[in-house]
Amino acid sequence: MLRVKKVSKVYNRKFKALSDIDLDVNDGEFLAIMGPSGSGKSTLINILGLLDNDYTGDYYLDNQEYKDSDDVSMSHIRGDKIGFVFQNFKLLSNYTVFENIEIPLIYSKTQTITDRQTVINEVIEQVGLQGKENNLPSELSGGQQQRVAIARAIVNNPQIIIADEPTGALDSKTGHEIMDLFRHLNETFNTTIIMVTHDKEVADFAMRTVYIRDGKLYQDQQSVVDK
Amino acid sequence: MENLTIALRSIKKNKNRNLLTMLGIIIGIASVICILAVGDGFTQSITKELGQGNTSNKVTLDYQANSADSADSSGFTSGDAALLSDVKGVNDVKLSNYDSTVFTNVSSQGNKMKTYIGAIGKKSDVNRTQRSSLLIDDNSYNVLISNRLKQKLFGNDSANGKTIQIGTDVFVIRGTFSTDEYSTNVYMPKKTFNHIFAGKSGKNQAKLTVESGQSKKAVGQRALKKIKASGEYKHEGKYSIEDPTKAMKSFQKVLNSVTYFVALVAGISLLIAGIGVMNVMYISVSERRGEIGIRRAFGATGKNIRNQFLTESIVLCVIGGILGIIIGYLLVLLINAFLPFKAVITIYSILISLLVSCAVGLLFGFIPANKAAKSSLVGLLKEE
């Protein structure tokens with residue numbers, strides 16, 4: 001479970017990107033964070049994803065705070081508990097589908113090479129990319145590339161998936177397919193999903209939506225976005 | 001292992017760029033291989049030579065006359081030999097000449113010339129003149145004269161069968177040879193030479209055999225001190241201890257200066273290569289910021305990233321090093337055609353070369369690798 005208490009983030013001592021954010025996310029919850037550009041959505045998920053620990057306030061992940069942790073323990077927690085899906089997929093262009101999905105496993109100590117193959121084949125099946133293992137990302141459609149990115153995010157069996165505009169680079173039909181996949185992961189594996197989007201239709205796939213504007217969080221207030 | 005695969009993949013992706021970067025390493029390592037091969041070859045040949053010549057218990061004293069005129073009449077005498085054999089630690093003393101020549105007047109038909117006269121007694125002397133083999137082991141009064149002397153004494157006439165006078169003795173000319181201005185102009189059989197000039201040619205070397213267990217250096221110094229104080233011709237010339245390693249030392253000196261020069265070239269090219277490696281690694285790091293961000297997001301620690309780029313820079317340098325070793329080997333083959341001894345590549349020099357290339361990779365790859373490791377994660381992921 002994630003608990004954010006009075007978290008603020010200031011850039012260059014002037015620009016306040018987040019101010020006094022309070023947010024609880026339960027295990028297995030599918031949360032959408034909506035808000036206009038520059039509202040602080042990305043800043044918030046960077047903190048939630050342990051990509052950024054330069055903030056004030058408290059953030060507990062499974063009752064543990066990592067604000068003062070060193071790089072090694074932050075990296076290990078990230079690798080073990082969190083999977084990321086990005087808007088523009090962020091796949092390595094000269095790596096095959098299989099190799100892209102393998103990346104998180106390289107840095108987790110628990111896997112042997114044979115284990116890796118089994119796990120990777122399993123997730124490739126889950127995201128429906130059988131037969132594409134040896135393709136390069138450039139040989140795939142946008143939707144397929146995002147499926148590779150999702151496979152990469154879930155290969156380590158993370159507790160939380162953090163998705164930053166996962167449908168932003170896709171047409172709406174493909175976007176819906178991807179959202180179906182997220183929902184499936186959430187329902188089947190009870191994976192917590194925190195998704196940033198500015199598309200109301202996409203946000204509707206989530207159980208709960210919160211809104212952010214000018215660095216402030218508004219729980220379940222549609223009007224904040226419409227204003 | 002993962003790092004090695006990633007490194008090879010990245011190097012392969014930018015083949016041309018990396019090959020150019022390796023060029024400095026290749027030149028540097030090839031130079032290192034050559035220096036070490038020449039040095040090792042020289043050491044091996046010298047060790048072999050010293051092992052063959054049994055000079056281990058011999059000390060040689062030299063006598064150098066102050067003027068050319070006294071050269072023939074001065075030197076070590078039998079009295080000096082007795083004196084030296086009394087020196088503590090000396091087993092026996094043998095006097096000899098290192099050159100069998102005298103400087104005296106040669107005349108014929110009223111023409112006269114003062115010149116060096118040499119003896120030919122050994123097979124090794126034969127190559128001095130083409131027909132000198134006639135004179136070996138002979139006590140006849142036959143001589144060979146140089147073309148220069150022939151010109152001076154007989155002009156353009158043939159000299160064969162004609163006679164010349166040396167001192168009071170008359171010799172028959174059996175042939176001529178060409179020579180340089182200052183060389184010996186007359187050769188005669190060694191036996192004849194010894195007979196005529198006995199006592200005239202000074203013994204300019206005293207070879208001392210040192211008793212076992214005695215220090216060669218100390219005995220040599222004692223003998224030198226004694227002969228300097230009481231030598232018969234101490235006022236006509238100078239005594240010194242011959243250094244058998246002198247020739248080696250002077251060659252070593254030349255070799256050293258060549259080595260320093262090549263080492264300098266190697267050093268500079270490795271430095272430039274290192275800077276090239278650093279540059280290419282900086283480019284690689286900035287080109288792959290997105291990749292670093294992804295790896296970091298999925299659990300790679302800063303250390304993982306640093307090691308990945310360090311491996312890449314080391315692999316780059318080691319590939320360059322291996323190519324350098326191959327080119328160095330070819331160069332050594334070429335050098336061997338011009339060297340008086342054989343340059344050899346040892347396992348040790350190959351290991352040194354590989355170690356040096358690793359070190360260059362490590363040293364110059366560290367700063368870019370560290371930069372990659374320390375980059376802000378949010379910044380890395382933001383870029384596209």
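A crossing of two helices is left-handed if the near helix is turned anticlockwise from the far one by less than a right angle, and right-handed if clockwise. Hold on to that, because the crossing of α1(B) and α10(B) is right-handed.

Hi everyone! First, some housekeeping. This is a predicted model, where local features need pLDDT of at least 70, side-chain atom pairs count only at pLDDT 80 or more, and totals for chains, interfaces and linings use all residues. Residues are numbered from 1 along each chain as its sequence is written, while chains are lettered from A and ligands numbered from 1 in the order in which they are written.

Let's talk about confidence. The model has an ipTM of 0.92 and a pTM of 0.68. pLDDT is the predictor's confidence in each residue, from 0 to 100. Chain A has a mean pLDDT of 89, with 96% of its residues at 70 or more. For chain B the mean is 81, and 86% of its residues reach 70 or more. Where is confidence lowest in chain B, and where is it highest? It is lowest in helix α3 (residues 68-71) of chain B, with a mean of 62, and highest in α10(B), at 94. Helices here are DSSP runs (H or I, at least four residues), as are strands (E, at least two), numbered from the N terminus. One stretch of chain A needs care: over residues 221-227, pLDDT stays under 50. Where pLDDT is low, the predicted coordinates should not be read in detail.

Now, how do the chains meet? Here 18 residues of chain B are in contact with 19 residues of chain A, contact meaning that the C-beta atoms, placed from the backbone, lie within 7 Å. On the chain B side, α1 (2-13), α9 (289-297), α10 (302-336) and α12 (377-382) each supply at least two residues. Which of the helices gives the most? That is α9(B), with six residues. By class, this side of chain B has seven nonpolar, five polar and six charged residues. Nonpolar here covers Ala, Val, Leu, Ile, Met, Phe, Trp, Tyr, Cys and Pro; charged covers Asp, Glu, Lys and Arg; the others, Gly among them, are polar.

Next, helix packing inside chain B. Two packed helices are described by the angle between their axes and the distance between the axes. Axes are lines fitted to C-alpha atoms, for helices over the stretch in contact, and angles run from 0 to 180 degrees between N-to-C directions. Under 35 degrees counts as roughly parallel, over 145 as roughly antiparallel, 65 to 115 as roughly perpendicular and the rest as oblique.

Back to α1(B) and α10(B): their axes come within 8 Å and cross at roughly 60°, which means α1(B) is oblique to α10(B). The contact includes N3(B) and L4(B) of α1(B), and N307(B) and Q308(B) of α10(B). Its residues divide into seven nonpolar, five polar and one charged.

α10(B) also packs with helix α11 (residues 347-374) of chain B, their axes coming within 7 Å and crossing at roughly 150°. So α10(B) is roughly antiparallel to α11(B). This crossing is right-handed, and the contact has 19 nonpolar, ten polar and three charged residues.

Finally, the record: an unreviewed UniProt entry places "transmembrane region" at several spans of chain B, including 313-339 and 345-367. Residues 313-339 are 89% helix, with end C-alpha atoms 37 Å apart; residues 345-367 are 91% helix, with ends 34 Å apart.

How values were computed
Two residues are in contact if their C-beta atoms, placed from the backbone, lie within 7 Å. UniProt positions are given in the numbering used here, feature names are shortened, and annotations may be inferred rather than shown by experiment.
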